[in-house]
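Reader: I would like a close look at a single part of this model. Please keep the answer brisk.

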Amino acid sequence: MTRLPLLPAARRELLERRVRWIVTATIAYNVVEAVVAIAAGRAASSAALVGFGLDSVVEVLSAAAVAWQFAAPDPHRRERTALRLVAVSFFGLALFVAVDAVRTLLGATEPDRSPVGITLAAVSLAIMPFLSWAERRTGRELGSASAVADSKQTLICTYLSAVLLVGLVLNTTLGWSWADPLAALVIAGFAVREGVEAWRGDACCTPVRALLTTDDDECDSCGDGCTDGCCTPDASGAAGPR
């Protein structure tokens with residue numbers, strides 16, 4: 001079970017409200033992004049753009065899972081289910097991206113130039129890092145593994161925006177249609193790893209160790225049935241090595 005940091009009730013209520021606003025903004029933007037990307041992708045016969053649009057749909061599902069969790073009077077009770085939904089969305093993202101990349105590498109599609117796609121990728125590359133950072137910071141202070149996991153989903157969308165932008169630019173300028181799918185396969189592998197981490201996040205101390213602490217934090221085993229290491233809150237309520 002996730003160990004919640006010790007926060008005053010007013011602060012916790014503020015953070016929960018902030019998470020709701022962040023996921024609402026994420027859902028709204030990704031709905032627009034999905035519609036534009038899929039429409040532009042079909043017009044340009046671009047599998048990469050269509051795949052990017054499908055990724056936006058997956059991102060909406062992930063953010064919706066967190067929104068559902070924090071719509072409850074006691075969001076912590078829905079933490080495990082929300083984490084599982086986020087994990088499934090990671091796997092779905094990886095599947096969409098991998099299938100799209102393989103199809104492109106096998107020559108199933110030959111994308112045309114898409115100025116709309118380049119503009120969309122550039123805008124997403126500017127917006128998504130901010131949304132990811134805001135949700136990750138809030139989720140860590142709140143002690144919500146699902147919010148932090150969803151912020152990683154948004155971060156992957158940032159990577160995909162960069163991959164899409166580079167791929168579309170290279171295809172437009174040099175005709176290198178293979179650059180995008182190769183990089184996308186790497187992103188798909190990363191998505192699978194994050195999906196597994198989120199799926200296991202409800203067990204023992206894993207959310208604190210893998211999600212709520214910084215990437216450089218290392219923890220020793222705390223016992224209590226934990227075999228993969230964990231962290232416990234210190235006296236101030238912050239997560240830290242035991």
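What is the relative accessible area of Glu-141, and is this residue buried or partly exposed?

Author: The relative accessible area of Glu-141 is 29%, so the residue is partly exposed. Buried means under 20%, exposed over 50%, and partly exposed in between, with a 1.4 Å probe and protein chains only.

A word on the basis. This is a predicted model, where local features need pLDDT of at least 70 and side-chain atom pairs count only at pLDDT 80 or more, while totals for chains, interfaces and linings use all residues. Residues are numbered from 1 along each chain as its sequence is written, and side-chain values use heavy atoms, leaving out hydrogens and water.

Glu-141 forms a salt bridge with Arg-11. The closest N and O atoms are 2.7 Å apart. A salt bridge here is a side-chain nitrogen of Lys or Arg within 4 Å of a carboxyl oxygen of Asp or Glu. Glu-141 lies in helix H4 and Arg-11 in helix H1 (residues 9–44), so the pair ties together parts 130 residues apart in sequence. Helices are DSSP runs (H or I, at least four residues), and strands (E) have at least two; both are numbered from the N terminus. Arg-11 is partly exposed too, with a relative accessible area of 28%.

The structure holds 2 salt bridges. Glu-13 and Arg-17 form another, with the closest N and O atoms 3.9 Å apart. These two are 4 residues apart in helix H1, so about one helical turn separates them. Glu-13 is partly exposed at 48%. Arg-17 is partly exposed at 34%.

Back to helix H4. H4 covers residues 115–142, and Pro-115 belongs to it. Pro-115 counts as exposed, at 60% relative accessibility. The C-alpha atoms of Pro-115 and Ala-40 are separated by 9.1 Å, though the two residues are 75 apart along the chain.

Now the neighbouring topic of helix packing. Helix H2 (residues 47–70) packs with H3 at an angle of about 180 degrees, their axes 9 Å apart. That makes H2 roughly antiparallel to H3. Axes are lines fitted to C-alpha atoms, for helices over the stretch in contact, and angles run from 0 to 180 degrees between N-to-C directions. Under 35 degrees counts as roughly parallel, over 145 as roughly antiparallel, 65 to 115 as roughly perpendicular, and the rest as oblique.

Ser-56 sits in H2. Ser-56 is buried, with a relative accessible area of 0%. Beyond its neighbours within four places in sequence, Ser-56 is in contact (heavy atoms within 4.5 Å) with Asn-30, Glu-33 and Ala-34.
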